[in-house]
Amino acid sequence: MTELRRVAIVGSARIPFCRSYTGYAEESNLTMLGTTLAGLADKYNLKGEAIGEVMAGAVIGHSRDFNLAREATLDAGFSPSTPGTNVQIACGTSLQAALMLGAKIATGEIESGIAAGSDTVSDAPIVVGDKFQHRLSKLSRARSVGERFKALKGFSFGELAPVAPSTQEPRTGLSMGQHCELMARQWQISREDQDKLALRSHQNAARAYNEGFHDDLLVSCAGIWRDNNVRADTTLEKMATMKPAFDKSSGHGTLTAANSTPLTDGAASVLLASEDWARAHGLPVLAYLSMGKVSANNFAAGDGLLMAPTIAVSEMLRRSNLAFSDIDLFELHEAFAAQVLCTLKAWRDPKYNREVLERETPMGEIDPERINVKGSSLAYGHPFAATGARILGVTAKLLQSEDKERALISVCTAGGMGVAALVERAA
């Protein structure tokens, strides 16, 4: 039986994240991902190198993004013998990619791998209705003038009306923000507490920039060197002026543009390897990806669209025989401030622990000073498929720079799913 090997996190690289329709308005998933991977190759002197596998994906993709991971790998200058695999699990895409690559490294199938993700709302695909698409399909197969006229018979310009991109859940018809409003109401999360968490995220992110924490993590793209969503000068008073973004009519809406992640463009990547491969290439090992878990719930029946990470974390800690007290740092993806607060409250709630997590006693409280100490998605932004790699890269560096032993990552995703991971510092 093959002995499992430790999965080393060598390091990461990403381009700055930009609010959609700003800095990367002219960029595509391919150009952003290619730039990110090229930056990673330059950082670790891997141009021309054969990597065991690159796994990457985009949540919002064009048909032209076919073979995105492979094409970006080639554009970045890695050896043509490096395979590229597309993956997608909504906001957990690049963290799931890291877990999948980690399993391959642990079992000896590959020696190295890159987990990555890219997303752009600025370049979201615009599609037309099914009727016109079917008409075009018939027209492309027509073999005579008569067949072409037949394909166009009954055409009206109304068929050309574009179908607007949407993040609505197919099973409920509600957007992620609307679902999170329901969660906030169920868990009685106040607007003030959401704004306070968002403010802290911006303050921590701004401090991280001032300290130079991001200097070796960022790769310039389109002339941009810094995330453009971090607000060092925001205040609770400014946040309080924002109107509800998802529940505009009931008078009970608490989610606003200030305490929700903005639509964001960007890409991120993480280099994983066996210890032998890292050593042979003279590369450092920042940390180890030691465990992961993916979970799902019945959100369409009211379980809470973004609550599945509570389950993933609970099962992962149960399997590792760890408790919150054994974790030094917590990196909780901030899709919405309310999502983080609902999650923390659920882990403390006896009934939720008993009925959902199947625990006799609550998982307990987490010290806020150990959560997202360099800020998170509310400050940096959230290009869906890129967020997991951003968080994993930050976590590995944090364990080294803060001299901590163990960190926990939790990412909520569309479709009522969650991805969690444990990371341990290298000696």
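Residues are numbered from 1 along each chain as its sequence is written, and side-chain values use heavy atoms, with hydrogens and water left out. Since the model is predicted, local features need pLDDT of at least 70 and side-chain atom pairs count only at pLDDT 80 or more, while totals for chains, interfaces and linings use all residues.

The protein splits into domain 1 (127-163) and domain 2 (176-211 + 290-425), with bounds that come from an automatic or database domain assignment. Between the C-alpha centres of domain 1 and domain 2 there are 47 Å.

Two helices are worth a look. Helices and strands here are DSSP runs (H or I, at least four residues, for helices; E, at least two, for strands), numbered from the N terminus. The expected span of a helix is 1.5 Å times one less than its number of residues. Just after α1, Asn45 takes a positive phi of about 55 degrees.

On the β1 side, Ser12 lies in that strand and counts as buried at 7% relative accessibility. Leaving out residues up to four places away in sequence, Ser12 touches Leu40, Lys43, Tyr44, Asp216, Leu217, Ser269, Val270 and Gly393.

Helix α10 (residues 308-320) has 13 residues and reaches 19 Å from its first C-alpha to its last, close to the 18 Å expected. Among its buried residues are Ala308, Ile311, Ala312, Val313, Met316 and Leu317. An α-helix has 3.6 residues a turn, so residues three or four places apart point the same way. The partners of the buried residues of α10 are β9 (287-296), α11 (337-348), α12 (350-355), β11 (406-413) and β12 (417-425). After α10 comes Asn321, with a positive phi near 60 degrees.

As for the hydrophobic side of things, a nonpolar core is a set of buried Ala, Val, Leu, Ile, Met, Phe, Trp, Tyr and Cys residues joined through side-chain atoms within 4.5 Å. The largest such core has 97 residues, and those with the most contacts inside it are Ile9, Leu272, Leu289, Leu317, Trp347, Leu392 and Leu408. Helix α11 supplies the largest share of this core, eight residues. Apart from this core lies another, of 26 residues, including Ala56, Leu68, Ala76 and Ile114.

The structure holds 20 salt bridges, each a side-chain nitrogen of Lys or Arg within 4 Å of a carboxyl oxygen of Asp or Glu. Asp247 pairs with Arg185, the closest N and O atoms being 2.8 Å apart. That pair links distant parts of the chain, 62 residues apart: Asp247 in the loop between α8 (236-240) and β8 (264-273), and Arg185 in helix α6 (residues 176-186). Asp247 is buried, with a relative accessible area of 13%, whereas Arg185 counts as partly exposed at 44%.

Glu211 and Lys374 meet in a salt bridge at 3.0 Å, N to O. The two sit 163 residues apart, Glu211 in the loop between α7 (191-210) and α8, Lys374 in the loop between α12 and α13 (377-380). Lys374 is buried, at 9% relative accessible area. Glu405 and Arg425 form another bridge, at 2.6 Å. Glu405 lies in the loop between α14 (387-401) and β11 and Arg425 in strand β12, so the pair ties together parts 20 residues apart in sequence. Glu405 counts as partly exposed, at 44% relative accessibility.

Finally, Glu53, Lys104 and Glu109 are linked in a network of salt bridges. Glu53 lies in strand β3 (residues 53-57) and is buried, with a relative accessible area of 7%. Its side chain makes a polar contact with that of Lys104 at 2.7 Å. Such a contact is a pair of N or O atoms within 3.5 Å; within protein, one must be able to donate a hydrogen and the other to accept it, and residues adjacent in sequence count only if both atoms are side-chain atoms.

Technical notes: Buried < 20%, exposed > 50% of the residue type's maximum accessible area, 1.4 Å probe, protein only. Contact = heavy atoms within 4.5 Å.
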